[in-house]
Amino acid sequence: MADSDSQFQLVTFQLGEELYGVDIMDVKEIVKIQEVRPIPNAPYYVEGIFNLRREIIPIINLHKRFRLKKLSAIESDVSDFEGGFIILNIQGNKVGIIIDRIARVVTINTADIKAPPQMLSGIGTEYIRGVIRRENGYIIMLDINRLFDPNELRKIIDVK
């Protein structure tokens, strides 16, 4: 058995046709789809804000940010078609991202992470920590700290 330093857990989720993952240590919580209040003059990929137990959280639409097609109920097993938000801790700020469907938490061996191809489904390699091959495909591991440059993150946090 590998020691704890060579393994970690990923929260995996569907975004369009691909399976993505983020380190579980960066996830604050997962929330079912909620009403989001739009904010005028916000960047195009900011869906708006929502109130989570009296805390205002900006919600980011990665479909818009990366020009990804949304997963439709027809393409999915309707019984488990449930969108929502993953609340992430990005550089000390809570930011929600819209997901098409939560998958599961998986344990990953660090040695199984491979460098990403140059371009993968519209998301540039600068946002990807690596790719993990699985028996039924692969998981694209996002680097949440690189999803937004510092100026973008400041604009996102300032919308609330």
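The following legends describe close-up views of a predicted model.

Figure 1. Arg65 belongs to helix H1, which covers residues 62-66. With a relative accessible area of 10%, Arg65 is buried, because a residue counts as buried when that value is under 20%. Leaving aside residues up to four places away in sequence, Arg65 is in contact with Tyr44, Tyr45, Tyr127, Leu147, Phe148 and Glu152. The charged end of Arg65 is placed over the ring of Tyr45, at 4.9 Å from the ring centre. The view may also include Val46: its C-alpha is 8.6 Å from that of Arg65, while 19 residues separate the two in sequence.

**Figure 2. The aromatic pair of Tyr45 and Phe148.** Five aromatic pairs are present in the structure. One of them joins Tyr45 and Phe148 in a stacked arrangement, with 5.9 Å between the ring centres and 25° between the planes. Tyr45 is located in the loop between strand E3 (27-32) and strand E4 (46-52), and Phe148 in the loop between strand E13 (137-142) and helix H2 (150-158), so the pair ties together parts that lie 103 residues apart in sequence. Tyr45 is buried at a relative accessible area of 4%. Phe148 is likewise counted as buried, with 4% relative accessibility. Together with Tyr44, Tyr45 and Phe148 make up one aromatic cluster.

**Figure 3. The aromatic pair of Phe66 and Tyr127.** The rings of Phe66 and Tyr127 form a tilted pair, 5.1 Å from centre to centre and with 55° between their planes. This pair links distant parts of the chain, for Phe66 is in helix H1 and Tyr127 is in the loop between strand E11 (123-124) and strand E12 (128-134), 61 residues apart. Phe66 and Tyr127 are both buried. Tyr127 is also among the residues touched by Arg65.

**Figure 4. Arg129 over the ring of Phe8.** In this view, Arg129 is set over the face of Phe8, 5.7 Å from the centre of the ring. A charge is taken to sit over a ring when CZ of Arg is within 6 Å of the ring centre and within 35 degrees of the ring normal.

**Figure 5. The largest pocket and its lining.** The volume of the largest pocket is about 200 Å³. Its lining consists of Thr12, Glu18, Leu19, Ala103, Arg104, Val106, Arg134, Asn136, Gly137, Tyr138 and Ile139. Strand E2 (18-23), strand E8 (101-109) and E13 are the elements that contribute two or more residues to this lining.

**Figure 6. Asp100 between strands E7 and E8.** Asp100 is found in the loop between strand E7 (93-99) and E8. Its relative accessibility of 4% places Asp100 among buried residues. The side chain of Asp100 extends to the backbone nitrogen of Gly16, at a distance of 2.6 Å.

**Figure 7. Gly84 and its contacts.** Gly84 is part of strand E6, which comprises residues 84-90. Gly84 is buried, and its relative accessible area is 2%. Residues up to four places away in sequence being set aside, Gly84 touches Val31, Lys32, Ile33, Ile97, Ile98 and Ile99. Between Gly84 and Arg101 the C-alpha distance is 6.9 Å, although these residues are 17 positions apart in sequence.

Figure 8. Arg53 has a phi of about 50°, a positive value, although Arg53 is not a glycine. The residue is situated in the loop between E4 and strand E5 (55-60). At a relative accessible area of 63%, Arg53 is exposed. Gln91, another residue other than glycine, has a positive phi near 50°.

Notes:
Residues are numbered from 1 along each chain as its sequence is written. This is a predicted model: local features need pLDDT of at least 70, side-chain atom pairs count only at pLDDT 80 or more; totals for chains, interfaces and linings use all residues. Side-chain values use heavy atoms; hydrogens and water are left out. Helices (H or I, at least four residues) and strands (E, at least two) are DSSP runs, numbered from the N terminus. Buried means under 20% relative accessible area, exposed over 50%, partly exposed in between (1.4 Å probe, protein chains only). Contact means heavy atoms within 4.5 Å. Rings of Phe, Tyr and Trp (its six-membered ring) pair if their centres lie within 6.5 Å; planes under 30 degrees apart count as stacked, over 60 as edge-to-face and the rest as tilted. On a 1 Å grid over the protein atoms alone, a cavity is a set of points where a 1.4 Å probe fits but cannot get out, and a pocket is an open set with protein on both sides within 12 Å along at least five of seven lines; lining residues have an atom within 4 Å of a point. Grid points are joined across faces, edges and corners, and a volume is the space filled by probe spheres set on the points. A polar contact is a pair of N or O atoms within 3.5 Å; within protein, one must be able to donate a hydrogen and the other to accept it, and residues adjacent in sequence count only if both atoms are side-chain atoms.
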